[in-house]
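Thanks for making time this morning. Let me put the structure up, and then we'll walk through it.

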Amino acid sequence: MNAQVLPCDRQEIGSLFLFEKLSGEQLGRLCAEGRVERFEPGPVYTEGDPATCFYVMIEGTVVLSRRVGGDDIEVTRTSQRGVYSGAMQAYLGDRVPQTYNNSMRVTEPTRFFVLPAESFADVMREWFPMAAHLLEGLFFGTRNTQRAIGQRERLLALGSLSAGLTHELNNPAAAAVRATATLRERVGRMRHKLSLIAQGTYSREALASLIEIQERTAERVAKAPVLSPLEAADREDGISDWLEDHGVSEGWRIAPTFVQAGLDTQWLEQVAVTVDEEILPGAVGWLNYTVETELLMDEINDSTTRISHLVDAAKQYAQLDRAPYRDVDVHELLDSTLLMLSGKIGPQMRLVKEYDRSLPQVPAYPAELNQVWTNLVDNAVQAIGGADGEGTLTVRTAREGDRLLVEFRDTGPGVPEEIRGRIFDPFFTTKPVGQGTGLGLDISWRIVVNKHHGSLEVESVPGDTRFRVLLPLTAPDAGTDARTEDGSSTSEESS
């Protein structure tokens with residue numbers, strides 16, 4: 001920092017809009033406790049350093065920037081006399097961390113009125129006690145409100161996810177219960193059919209052939225091909241005709257089951273060649289029970305596997321028994337979130353995954369990233385039209401330089417340009433009263449930018465809105481967080 005101390009002119013200081021209502025005595029105190037400094041082009045102060053001074057520009061040009069990931073992002077550039085920055089919340093004392101929350105540099109020789117933070121705090125409390133109290137109440141009240149509503153929003157999101165998970169679990173669980181009850185009935189009928197066969201005059205060789213066919217049938221069921229509706233209908237007609245021609249009653253009831261199991265008339269011909277003609281109807285009935293039993297067991301297996309996957313997804317989403325900060329595969333986090341939110345994604349909504357599986361793991365807080373994915377997916381679904389909406393949600397991952405990109409793209413109406421700069425502000429929402437707190441994107445921004453030192457951007461035109469999350473591929477240096485533990489800002493950017 002290259003600064004030259006100059007005389008302080010009360011009249012010049014009083015011409016700045018911030019001090020124009022002060023008395024001569026007050027201006028004298030400012031000049032006595034503060035100073036005028038002239039800075040050559042270069043840095044004035046750096047983000048994260050102790051906030052020791054309050055700066056008011058007299059003439060020149062200032063640039064304010066914030067550290068995002070490994071980059072300095074310019075947020076303000078101005079030549080307006082009287083703009084101010086620095087230790088603007090010194091009057092709050094040690095109740096908040098007193099550090100600079102931005103970096104300031106000048107691009108030409110620039111003069112500032114510089115007031116030590118302690119003096120700024122004193123004059124605020126002495127000259128403007130009511131204003132100081134109001135500002136304190138506004139600062140802490142907003143922060144407490146933000147924290148309370150943030151917790152409420154998390155609870156609402158958890159309730160919504162719990163309801164969706166319960167619904168998703170109920171479907172396979174109910175299917176498994178139904179399949180088990182039907183399986184018990186089929187096994188009972190199979191025992192009855194076995195009793196009838198045993199009481200008949202079938203030879204030992206015929207029974208052995210029937211058992212061998214049963215084994216081959218079970219193998220066919222496990223390898224059943226997937227048929228189109230037209231192919232399945234044609235095969236059902238063929239099997240029904242074959243069964244009728246060979247004296248098997250109600251073949252039209254059996255045919256759909258055989259088709260589902262991957263059986264055809266060629267297989268039936270093999271059965272007819274293997275067993276005697278008089279026992280063919282009984283053999284077909286016996287094999288029908290075998291097929292139904294296998295299909296029901298497959299259904300039970302699919303249902304219980306689905307339940308297991310849902311439980312695994314819930315555990316992955318909640319990050320139970322996991323270290324809070326670790327290297328993670330973002331694709332696992334995305335998949336678990338999308339599965340948890342599948343109840344919100346309507347049947348007319350198309351979900352597209354464009355994953356770059358070659359991407360490395362990144363250091364992150366996985367549970368908090370899942371919260372970001374939840375907020376962004378929920379926003380996209382609402383933009384498309386909710387559960388009844390028709391459109392496409394695309395989730396894409398890619399590498400951009402030394403950062404990993406996660407992009408959420410929707411085909412909704414887009415974010416109007418006039419509000420695009422405000423969507424990450426706390427409490428800003430376009431939803432009707434009671435349907436949104438305006439903290440979802442604010443929370444996401446703080447998690448991505450403050451906690452992971454990444455960036456969260458939005459690009460939007462009608463029919464193509466993209467929220468882009470960029471995360472560093474390596475862990476940032478410790479101590480670079482520019483905000484307090486709860487995410488609230490420790491000072492303002494500029495006037």
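Is Asp335 buried, partly exposed or exposed? Partly exposed: its relative accessible area is 24%. Keep in mind that this is a predicted model.

Asp335 has a partner. It forms a salt bridge with Lys353, with the closest N and O atoms 2.9 Å apart. Asp335 sits in helix H10 and Lys353 in strand S11, so this pair ties together parts that are 18 residues apart in sequence. Lys353 is partly exposed too, at 42% relative accessibility.

Now the sheet. Five strands form an open sheet in the order S11-S13-S14-S16-S15, and the pairing is mixed. At the edges are S11, residues 349-354, and S15, each pairing on one side only. On average, neighbouring strands are turned by 15° against each other, with direction ignored.

Strand by strand, then. S11 and S13 run parallel and are joined by six bridges. Lys353 stands opposite Val395 in S13. S13 then pairs with S14 in the antiparallel sense, over eight bridges. In that pairing, Thr394 stands opposite Arg409 of S14. The hairpin of S13 and S14 has two residues between the strands, and Gly401 there takes a positive phi near 65°. S13 has seven of its ten residues buried, so it is largely enclosed by the rest of the structure.

Next, S14 and S16. Eight bridges join them, and they run antiparallel. Which residue of S16 is the bridge partner of Glu407? That is Arg468.

Their side chains meet as well, in a salt bridge at 3.5 Å, N to O. This pair links distant parts of the chain: Glu407 in strand S14 and Arg468 in strand S16 are 61 residues apart. Buried means under 20% relative accessible area. Glu407 is at 1% relative accessibility, so it counts as buried. Arg468 is at 10%, so it counts as buried too. Both belong to a network of salt bridges that also links Arg396, Glu400, Arg409, Glu457, Glu459, Asp464 and Arg466.

The total for the model is 18 salt bridges. One of them joins Glu40 to Arg38, with the closest N and O atoms 2.4 Å apart. Here Glu40 is partly exposed at 30%, and Arg38 is partly exposed at 28%.

On to the core. The largest nonpolar core has 41 residues, and Trp373, Leu376, Phe408, Phe424 and Val469 touch the most other members. Elements that each supply at least two residues include helix H10, helix H11, strand S13, strand S14 and strand S16. Which helix gives the most? H11 does, with eight residues. Val469 touches, among others, Val372, Trp373, Leu376, Leu404 and Val448, setting aside residues up to four places away in sequence. Apart from this core lies another, of 40 residues, with Phe19, Leu30, Met57 and Leu64 among them.

Last stop: helix H9, residues 280-318, where Asn288 is found. What is the relative accessible area of Asn288? It is 9%, so Asn288 is buried. Leaving aside neighbours within four places in sequence, Asn288 is in contact with Ile254, Thr257 and Phe258.

To recap: a mixed five-stranded sheet, a buried Glu407 bridged to Arg468, and a core to which H11 gives the most. Happy to take questions.

Definitions and conventions. Residues are numbered from 1 along each chain as its sequence is written. This is a predicted model: local features need pLDDT of at least 70, side-chain atom pairs count only at pLDDT 80 or more; totals for chains, interfaces and linings use all residues. Side-chain values use heavy atoms; hydrogens and water are left out. A nonpolar core is a set of buried Ala, Val, Leu, Ile, Met, Phe, Trp, Tyr and Cys residues joined through side-chain atoms within 4.5 Å. Buried means under 20% relative accessible area, exposed over 50%, partly exposed in between (1.4 Å probe, protein chains only). Helices (H or I, at least four residues) and strands (E, at least two) are DSSP runs, numbered from the N terminus. Contact means heavy atoms within 4.5 Å. Two strands pair if DSSP finds at least two bridges between them. Axes are lines fitted to C-alpha atoms, for helices over the stretch in contact, and angles run from 0 to 180 degrees between N-to-C directions. A salt bridge is a side-chain nitrogen of Lys or Arg within 4 Å of a carboxyl oxygen of Asp or Glu.
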